[in-house]
Amino acid sequence: MMYQVEEKIMPEAHEMRAVFAEVLKEMAKEDERVIYLDCDLMNSIGMANYWKENPDRAINCGIQEANMIGVAAGMSATGLIPFTHTFGPFATRRVMDQVFVSAAYAKLNVKMIGSDPGITATLNGGTHMPLEDMGMMRCIPEITIVEPTDSVMLADVLRKAKDTYGVFYIRLSRKVADKIYKDGSTFEIGKAAKVRKGKDATIIATGICVAEAIKAAELLEKEGIHAAVVNMFTLKPVDEEAIIEAAKTTGAIVTAENHNIINGLGSAVAEVLAENISCPLERIGARDRFGEVGDLDYLKKEMKMTAEDIAEAVKKAIARKEN
C-alpha cells in the first residue's frame, strides 16, 4: 500500500465510468478468465465499445438482474471471473437472494458493480437512489464491500478485486469525482487510507464524503481545530485497528457517508467502538429516509452531507469528549 494525497482537491479530468471501462478492457486482454455481464446499461457505464470489441467477453442479460447474478455464479463455477454491473438498487435490493445463495453461500468468485450509489443517482430520484445497498450487502457472510473514492483508487481496486477470490460489491459513481490521490497510488483492501493528520478529532469518511471531510477539516483548521481524515474505502472487512487508533489518538470521531447511517459506515464504526473503546461518535449520512430528485449540491444540503455539516458534527463530538 503506497498512496499519496493531492495537495489540492480538484475535479478529475475524466469520469469514473471511463476508467472503469478502460481497466476492464485491459484486464480482459491480460486474463482470458475475465468476463463482463450487464443489465442493458452498457452505454450508461461506458462499456458499449468494449462489447463491440469483445462480443464473446460481454453479455447483455437484459433487465434481468437476478438472472444475471445466477449466470455470473455459473460462470464462476467454471473458472471464469465475472464482473457484473447494474444500478446500485438493482445490484442489491433486487438480487439479495441470488447474491446470498448462488454466489456467496456457494463460495464463488463474483465481482458486482453497483453504480450511482446514494445521492449520486441525482435526477433518477428515490427509486434509483440506494441509501441502503452497503447495509444489505454487509449482512452477507464473507463478502467484501469497497467504495473507490476516485479513479486512481478505482483502477487499483478493480485489479485487486480480480486477483482476490470471493464475492465483491463495488460501489461506483459513474461521473466525475474529486481527485484525492496522486497517480500511481496503490491501496490495500481492508485497510483505511489516512488522508490528513489531526489531534482533536477524526473524520472517518467514504465515497463522495471524503472530499467533503477534507473541506470540513480545512474549515475547522481556521478555528484552531485540527481534525484527522481517514478514508474507510472498505466497509467490509472494516479496518478495526484504524478505528481504535483514531479513538485513542483524538478521542472523538465523526463518520461521513453517502448512505443511510443505519447499517452503513456509522454503524460499523459504532460496533467497533462499543466492543473495544469508549469514544464519542457523531454520524453524518441519510437519517432513515428515502431519496429524492435533485442535483448533487442540493441533495448534499438536504441530506446534511456538506463540509459545513461535518464540521458542526466534529465540534459536537469534541464537546462531548470534553464533557
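This is a predicted model: local features need pLDDT of at least 70, side-chain atom pairs count only at pLDDT 80 or more; totals for chains, interfaces and linings use all residues.
Charged side chains come first. Side chains of opposite charge can pair when their charged atoms come close. A search of the whole structure finds 29 salt bridges. One of them joins the side chains of Arg138 and Glu271, with 2.5 Å from N to O. Arg138 belongs to helix 7 (residues 133-138) and Glu271 to helix 11 (residues 265-276), so this pair ties together parts that are 133 residues apart in sequence. The two partners can also be described by their accessibility. Arg138 has 14% relative accessibility and therefore counts as buried, because buried means under 20%. Glu271, at 38%, counts as partly exposed.

Another salt bridge is formed by the side chains of Arg171 and Glu147, at 3.1 Å from N to O. This pair also links distant parts of the chain: Arg171 sits in strand 7 (residues 168-172), while Glu147 sits in the loop between strand 6 (144-146) and helix 8 (151-162), 24 residues apart. Both Arg171 and Glu147 are buried.

A further salt bridge brings together the side chains of Lys199 and Asp200, at 3.2 Å from N to O. Lys199 has a relative accessible area of 53% and is exposed, whereas Asp200, at 16% relative accessibility, counts as buried. Elsewhere, salt bridges with shared partners join Asp31, Arg33, Lys162 and Asp163 into one network.

The next feature is on the surface. Phe100, Val101 and Tyr105 form a nonpolar patch there, and together they have about 320 Å² of accessible area. Val101 is found in helix 6 (residues 96-105). With 39% relative accessibility, Val101 counts as partly exposed.

Aromatic rings make up the last topic. The structure has 7 aromatic pairs. Tyr3 lies in the segment before strand 1 (5-15) and Tyr181 lies in strand 8 (residues 176-181), so the pair ties together parts that are 178 residues apart in sequence. Tyr3 is partly exposed, with a relative accessible area of 22%. Tyr181, by contrast, has 0% relative accessibility and counts as buried. Tyr3 and Tyr181 also belong to one aromatic cluster with Phe187 and Phe233.

Key: Residues are numbered from 1 along each chain as its sequence is written. Side-chain values use heavy atoms; hydrogens and water are left out. A salt bridge is a side-chain nitrogen of Lys or Arg within 4 Å of a carboxyl oxygen of Asp or Glu. Helices (H or I, at least four residues) and strands (E, at least two) are DSSP runs, numbered from the N terminus. Buried means under 20% relative accessible area, exposed over 50%, partly exposed in between (1.4 Å probe, protein chains only). Patches are made of residues with over 30% relative accessible area and no salt bridge: like charges are joined within 9 Å, nonpolar side chains (Val, Leu, Ile, Met, Phe, Trp, Tyr) within 5 Å. Accessible areas come from the Shrake-Rupley method with a 1.4 Å probe; for residues, only the protein chains shown count as cover. Rings of Phe, Tyr and Trp (its six-membered ring) pair if their centres lie within 6.5 Å; planes under 30 degrees apart count as stacked, over 60 as edge-to-face and the rest as tilted.
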